[in-house]
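Hi,

Here is the structure I promised to pass on. Have a look at it first, and then read on for what turned up.

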Amino acid sequence: MKAIVQTGAREVEVQEREQPTPGPDEVLVEVHSAGLCGSDAGAFDYEGGYEWIPVPRIMGHEYSGRVAEVGENVETFDVGQKVIEEPIHDCGHCFQCKNGQENVCQNFSITGMHNDGAYADYTVVGERHLHAVPEGVPLREAAITEPTSIATRAVFDQSRLTPGDDVLVEGPGPIGVLTAIVADSVGANVVVSGLGKDAEYRLPLLDDQGIETVNVQSTTMGDVIDERTDGRGFDLIFDTTGHRSGVEEAVEHVRKGGQIVVVGIPLPARSEMCIRDRWKNFEQALRLMESGEIDVEAIQDTSYGIDDAAGAFEAFLNSETCKPVFSFAE
């Protein structure tokens, strides 16, 4: 089978690998589509807290596909069924897991980070880490369920957002874009801020979704606050920048008594990814896609083939794209 393999810092190549075989409690998934995440780009860059990731390895953790084969103990999935994976796996044995805090497991593993991932024709995953995809959600769109779940968690679980709130989302990367769209879907008045480098692709992407944007390198945020909030500040700010300056700026722009939700945590990748994902947020994300609240097709960039994976990573790091999605099957 074909697989996108990271072989070093900023080095990826397509290799032929042996098709994996599922164990008794595992499912073999034929991958249909796989998204490029900010953490994938960080791993590709191999700096800033990502140096612990082993190379070479098959990359990728956000994807969709169909069940190709099931292990003898698998009971909840059938061959041909559409599925996505919850890629952060808890150990089930540490204090946090036993205390109902599996999302901060001490011994977690991340598909495509600690081990081979889903940038391949096939991947194997434990039955308990899979979600069924509703028939109304195309597989290509379902590939970005994982980042959408981060947005649903930020908006529905972590914030006090109510319809009509004035909301600022800092950072127009994939998580920022999805957080803005989810907040907009429940009636918030959303503005997304970005830098000059975002003005060519990422900010126009949001403009096309009817969400207001601001380039903070050419527009003063004070003027935006005066215009949008009568000078009082935003009711709610989501910082998705992953940089400490985002929180510092948020403190300046939130109103007294408002709320700041830090989504992109400026810590090493292992800490950043583990705290995010929960089962119910994946289900919320799938329901939003099924209802049409999120225009997934408009968000995805399918212009990069698996043979141009390096180009997709470089473009992402240069803010020339937002959510590349590789296709492995028609």
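Is threonine 76 buried or exposed? With a relative accessible area of 51%, threonine 76 is exposed. Please keep in mind that this is a predicted model.

Some more on that residue. Threonine 76 sits in the loop that runs between strand S5 (62-70) and strand S6 (82-85). If you set aside neighbours within four places in sequence, its contacts are Gln81 and Glu127. With glutamate 127 there is a polar contact of 2.5 Å between the side chains. As for threonine 302, which is 226 residues apart from threonine 76 along the chain, the two C-alpha atoms are separated by 31 Å.

Now to the aromatic rings. Searching the whole structure gives two aromatic pairs. One of them joins phenylalanine 44 and phenylalanine 313: the ring centres are 4.7 Å apart and the planes are at 10°, under the 30 degrees that counts as stacked, so this pair is stacked. Phenylalanine 44 belongs to helix H1 (residues 38-45) and phenylalanine 313 to helix H12 (residues 309-317), so the pair links distant parts of the chain, 269 residues apart. Both phenylalanine 44 and phenylalanine 313 are buried.

Tyrosine 119 and phenylalanine 326 also form an aromatic pair, this one edge-to-face, with 5.2 Å from centre to centre and 80° between the planes. Tyrosine 119 is in the loop between strand S8 (109-110) and strand S9 (122-126), while phenylalanine 326 is in strand S16 (residues 325-327), so the pair ties together parts that are 207 residues apart in sequence. Tyrosine 119 is buried, at a relative accessible area of 0%, and phenylalanine 326 is buried with a value of 0% as well.

There is a charge over a ring too: arginine 202 lies over the face of phenylalanine 316, 4.8 Å from the ring centre.

Best wishes

Definitions and conventions. Residues numbered from 1 in each chain as written. Predicted model: local features only at pLDDT ≥ 70, side-chain atom pairs only at ≥ 80, totals over all residues. Heavy atoms only, no water. Phe/Tyr/Trp six-rings, centres within 6.5 Å; stacked < 30°, edge-to-face > 60°. Helix = DSSP H or I, 4+ residues; strand = E, 2+ residues; numbered from the N terminus. Buried < 20%, exposed > 50% of the residue type's maximum accessible area, 1.4 Å probe, protein only. Lys NZ or Arg CZ within 6 Å of the ring centre and 35° of its normal. Contact = heavy atoms within 4.5 Å. Polar contact = N/O pair within 3.5 Å; in protein donor to acceptor, adjacent residues only side chain to side chain.
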